[in-house]
Amino acid sequence: DSSGNRNVTAMQSYSVNKAVGEIALLINGTAGNQTAVYGAGINVSASTLYGIIILYRNGIEITSENHLLRILGAGDWNYTAVSSGNQNYSSASVTRWVYITKAMPTLTYLYNGQTVNLTLTYSQQVNISAAANYGIAGLDRGNLNVLIENSLNVTLGAGSYIYRANITGNQNYSDVGYRYYNVTISKANQTAILNINESSPIIYGKLINITCNGELYRNNINITIEKSLAKLLGAGSYNYSCKLYENQNYSYDDDNITFMVNPANTTTSLLTNPISPIIYGTASNFSCSNSVGLSANLYINGADSSVEKGIDIIRGAGNYLVNCTSFDNENYTGDSYQENYVINQASQPIILLLNGNNANLNIVYPQQVNASYSGANQTTATIKINGINVNIGQNYTWGAGDWLVNYSAPSNQNYSLHEGYLNLTINRAS
C-alpha cells in the first residue's frame, strides 16, 4: 500500500469431528438390564438430544411403543435404541436386556370343597375339583386320567384311592407339580331283615311265610327258593337266618330267629257197641279211632287187645276198663280215652214144677210128689223139701203136712243165682 505495507494471504483447512451422540435408554426408569416375572408391566423409554431415536426389540423396530407400558411374554428381550445423530453429533446406539421369567399359576384343588384327605362311607359321593388360573389342570386317580370327572359327584366303591392334580404350564406360566390327596371309602353297613308271618311257637298244621332281603337259611341249609312261599313245617325247632354277604361295598350282616312248631293235639275216640251195660251172651264190639288217623291200640283191663278191635265178641260177665290209646308221632301228640264197660250176669230161666205144674200143690196123702223144673239152667240145680235134698223128677210119698219146696241154681261168672220155691200141702187121708 502507500505506506509500504505489503499484504500476504495464506489458506489453511480445519476438520471439526462430530461429537459422540448421546442416548438415554431406560427400562422401568432404570438405565440397566431388568428381570421381571411374567405379568409385570415393562416401560421402555428411549430418547436423544441429537437426531431421531429409533427403538428396536429383538431386532424389530417398535419405536411406536416408546414410553408405553407393555406386558412381555416370558423370555429374554433385547432392546436397542439408535440415535440418528445430526450435523454435529454422530449416530449412537444403546442395548439393554429384559429377562421375563415364567409366572407360577395357582392350582385350586378341593375334595368335597375341602383341602384335607377324605374318609367316607359307601355310597357317599366324592367331588374332586382341580382348577388352574393359567395353564391346563390335570387330574388323576391311581395314575388314571379322570379329568372328565372334574367337579362332578362320583360314587366310588369301597377302598383307598390316591388323587393327584397338577398344572401343565405354557409360554408364560411354569408347571405346578403334583399335589396328592387320599380318599378312603369304608364299606357301608347293611341290615338283614328276616320276617315270619307267625309268632313262635305255632301248632303244627299252620302255614308260615318267610321273607328275607338276602339269602335264607334254615338249620344252615340254603332255602332261598322258599322265600315268600307258604310252608308247612313239621313239629320241631328251626333256626332261620337271613344273610347279607360281604362284598366290595357292603359289610356282612345277618338276622336270626329260632322258630318253634309244637305238635298238634289229637283226640282218640272209643266206640262200644252196644252201649254199656249189657247182659252176658250179647256180643260186644270195641273200636278205636284217632282224629288225625294216628295208630290206636285197644286195651281191656290193661292188656293189649288190639286184635279184637272192631270184632263182635261174647265176653264174660264183669266190669271192663276199656281204653283206646294213640301214640305221638313227629307232628301230633297222642291221646287216650277210656270208659268202664259192664256185662251183667245172665239169669237162668228155670220154671219150677210140682207134679208137672208151675204152681203150689195141694194133695191128699199118700199121693206122690214129683219136684222138677224146665228151662235152660247153666249151673247144677238142686231141689229141697223142707231142707232135704230130693232127686229131681223122682216121685216121692211124703207125709201129711205143709212143706216148702226150694229150687236153687247157683251163680257163676256169667249167670246169676236163681232161687225159688213152691208150697206143698199134703192133707191127711180120710
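**Strands, burial and backbone of a predicted model**

Analyst: I162 lies in strand 15, residues 159–168; a strand here is a DSSP run of E with at least two residues, numbered from the N terminus. This is a predicted model, in which local features need pLDDT of at least 70 and side-chain atom pairs count only at pLDDT 80 or more, while totals for chains, interfaces and linings use all residues. Residues are numbered from 1 along each chain as its sequence is written, and side-chain values use heavy atoms, with hydrogens and water left out.

User: Why is I162 called partly exposed?

Analyst: The relative accessible area of I162 is 49%. Buried means under 20%, exposed means over 50%, and partly exposed lies in between (1.4 Å probe, protein chains only). I162 therefore counts as partly exposed.

User: Why does S174 count as buried?

Analyst: Its relative accessibility is 18%, and the cut-off for buried is under 20%, so S174 counts as buried. S174 is found in the loop between strand 15 and strand 16 (176–186).

User: Which residues does S174 touch?

Analyst: Leaving out residues up to four places away in sequence, S174 touches K102, A103, M104, P105 and G169. Contact means heavy atoms within 4.5 Å.

User: What makes strand 4 and strand 7 a pair?

Analyst: Two strands pair if DSSP finds at least two bridges between them. Five bridges join strand 4 (residues 53–57) to strand 7 (residues 75–83), and the two run antiparallel. I53 has S83 as its bridge partner in strand 7.

User: What joins strand 4 to strand 5?

Analyst: Two bridges join strand 4 to strand 5 (residues 60–61), again antiparallel. R57 stands opposite I60 in strand 5. The hairpin of strand 4 and strand 5 has two residues between the strands.

User: Why is N143 called exposed?

Analyst: The relative accessible area of N143 is 65%, and exposed requires over 50%, so N143 is exposed. N143 lies in the loop between strand 12 (136–141) and strand 13 (144–145), and its phi is near 70 degrees.

User: Which value goes with the cis peptide bond from S200 to P201?

Analyst: Omega of the bond from S200 to P201 is near 0 degrees. Another cis peptide bond joins Y365 and P366, where omega is about 15 degrees. Most peptide bonds are trans.

Terms used
Helices (H or I, at least four residues) and strands (E, at least two) are DSSP runs, numbered from the N terminus.
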